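Here is a brief report on cavities and ring contacts.

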Amino acid sequence: MGSWAVGQQEVGQRLQEILNGLFAFVGLLSPEGIILEVNRAPLQASRLERKDVLGKAFGETYWWSYSPEVRSWLEALIRHAASGEYVRCDTRVRITEERYITIDFSLNPLFDANGRVHQLVASAVDISERTRAEATLRGSEERFRQVVENIREVFWLTNVEKNQVLYVSPGYEQIWGRSCESLYRSPQAWIEAIHPDDRERIRAASLSQVLETFNEEYRIIRPDGMVRWIHDRAFPVTGEGGDRRVVGIAEDITERKEAEEARLKSETDFRVIFENAALGIALVDSAGRPIKANRALQQFLGYTEEELRGMAFAQFTHPDDLAADLVLYHELTGGKREHYQIEKRYLRKDGETVCARLTVSVVRAPDGGLRYAISMVEDITEKKKLESQFLCAQRLETMGALASGVAHDLNNILTPILMSAPLLRQGLPPAEQERTLSIIETSAQRGADLVRQLLTIGRGRGDKRILVEIGKLGREMAAFVSNTFPKSIRVQSELAEELWPVLADATQLHQVLLNLCVNARDAMPQGGTLTLAVQNIVLDGRSAAALNGASPGRHVRLRLSDTGEGIPPAVMSKIYEPFFTTKEPGRGTGLGLMAVLRIVKGHGGFIEVQSEVGKGSTFSVYLPAA
């Protein structure tokens, strides 16, 4: 036998001697739980021989004869270990009729060269005494330490008669910034750390804490200069020897106090801003009733705050503007939108009609429900009057640009009438008379239609919003420009079926289309094609984000395209600026597109422009569907 083998044999013998000297159970089991080997000590303690246990199932041996309830537990552990899992746990075992012990039991799988479990090392140690000692310790000191030393609050105990601090938890060092030892040495150190403005009040309160409960809030100054707020609660107790003691808990409430101060300041600031804002502001509930209204809104509507609380906004909204506002407000309360802005008219208490720009935002509760809506009302009555005058003047300017076309069309209408009248005097045959009268009637009807269109487009102001059929408006405008534009410009229309209606001012929409058509005409001095298309469009969140000023939802899109000169990139950013124009002097004031933009935005819509020099331009007007 080689020296290596001899050495291994000696090591094995020594290990066997060590195992035999252990009082704890150490055994070698098969994966099925059969005992293959066991150390001597548990055999001697049980007065057993090796032959009594070797080859037997571990759970059927003497050691478990008084604990049949443990056998199924052992079988489960052996199955886990046989699958390659190391298991260890404590269990209570009955070893005689009346005696129980607690053991620390473990099973460690041993693997062969192929990675399969071929043996299990089992060990069991009696830990009864240790368990009882640990339970006793946990029942007293451990529970106290876990509770007191790990809470954020400071727990403290003093002996009043001896003026002595008996205990203070580590939280004192974190909050006060001073060591616990300093408090043990000088019990009055905590008083000295109190803010001067609070010190005398707390000193006086602490003198009575032996007889009654102490519950105070005060500030302390840490050594680093930081000021912290403390909530200190204490009550008297009696010690084992009858001495008087005080037990207390001190809590750092700085964050809470700062939050309260910030909230109070925020509420004060909000109240000042709310009451003194130049805009009318109201907090409105889900039913549309003002919960609170500031002075500006009260003055604007002529009602007191108490009167407004008993009213819904529908009661002081102009009837013609109520439908649009209600639709948007119901979408707001229904969670479909978070805010909206419209222009509407209000009816004051004295009966006067005033105009305002209304912006409504929602404030939701934690569960997502509506807490209240914030309505901001800007008085634009004078602005609307000026805007109406401006739009009227701009309409007249547009009509002036069409004057030659209108005159030419009227001439074409009147010429058949003037030529047919003399023929009637000559006494034509009945058949010829009928044909001549038909010509006169057709021309007169064309003239009446042209005058009606001119009146629609050029009337002084339009401030009534109704459900407008965009398809009909598009057909009328296409017919009008076909008759008045030069014949070198071909007009074509592409109107989709079943277009959604929009809540709009028909006169203003006429003006939008007319301005865009006139600009398209001027962009094609040598002639070209003008296309007017109308269709329904639904914008989702992604599509709306890609368009400037867009919002998701259903829209009707008016698209007007020309094949003219196009807009240079350097000019594109200025097209909506007032008085900016690329036309020759005397041919335009530069107010047309500005008026178009104002009207479209006033209807809650937006405009998209695409243009390429030499190829033409496309203006797309999106209006929210009703």
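## Cavities

Strand S13 gives the largest share of the lining of the largest cavity, three residues. The model is predicted. A search of the whole structure finds two cavities of 30 Å³ or more. The volume of the largest is about 180 Å³. Its lining counts 18 residues, and the closest to the centre are Val284, Phe313, Phe316, Tyr346 and Ser375.

Which elements give two or more residues to this lining? Two are helices, H10 (295-301) and H12 (319-333). The strands are S11 (280-284), S13 (339-347), S14 (353-364) and S15 (370-379). By class, the lining has 14 nonpolar residues, two polar and two charged.

Phe313 is among the residues closest to the centre of the largest cavity. The ring of Phe313 also pairs with that of Tyr329. The ring centres are 5.3 Å apart and the planes stand at 70°, so the pair is edge-to-face; the cut-off is over 60 degrees.

Phe313 sits in the loop between helix H11 (305-309) and H12, and Tyr329 sits in H12 itself. The two are 16 residues apart, and the pair links distant parts of the chain. Are these residues buried or exposed? Phe313 is buried, at 11% relative accessible area. Tyr329 also counts as buried, at 4% relative accessibility.

## Stacked rings and a cluster

The count of aromatic pairs comes to ten. One of them joins Phe58 and Phe105. Their ring centres lie 6.1 Å apart, with planes at 15°. Planes under 30 degrees apart count as stacked, so this pair is stacked.

Phe58 lies in the loop between helix H2 (40-46) and helix H3 (68-82). Phe105 belongs to strand S4 (residues 100-111). The pair therefore ties together parts that are 47 residues apart in sequence. Phe58 is buried, at 1% relative accessibility. Phe105 is buried too, with a relative accessible area of 1%. Ring pairs extend this contact into a cluster of Phe25, Phe58, Trp73 and Phe105.

## Charges over rings

Which charged residues lie over a ring face? Lys257 lies over the face of Trp229, at 4.5 Å from the ring centre. Arg521 lies over the face of Phe485, where the distance to the ring centre is 5.6 Å.

Terms used. Residues are numbered from 1 along each chain as its sequence is written. This is a predicted model: local features need pLDDT of at least 70, side-chain atom pairs count only at pLDDT 80 or more; totals for chains, interfaces and linings use all residues. Side-chain values use heavy atoms; hydrogens and water are left out. On a 1 Å grid over the protein atoms alone, a cavity is a set of points where a 1.4 Å probe fits but cannot get out, and a pocket is an open set with protein on both sides within 12 Å along at least five of seven lines; lining residues have an atom within 4 Å of a point. Grid points are joined across faces, edges and corners, and a volume is the space filled by probe spheres set on the points. Helices (H or I, at least four residues) and strands (E, at least two) are DSSP runs, numbered from the N terminus. Ala, Val, Leu, Ile, Met, Phe, Trp, Tyr, Cys and Pro count as nonpolar, Asp, Glu, Lys and Arg as charged, and the others, Gly among them, as polar. Rings of Phe, Tyr and Trp (its six-membered ring) pair if their centres lie within 6.5 Å; planes under 30 degrees apart count as stacked, over 60 as edge-to-face and the rest as tilted. Buried means under 20% relative accessible area, exposed over 50%, partly exposed in between (1.4 Å probe, protein chains only). A charge sits over a ring if NZ of Lys or CZ of Arg is within 6 Å of the ring centre and within 35 degrees of the ring normal.
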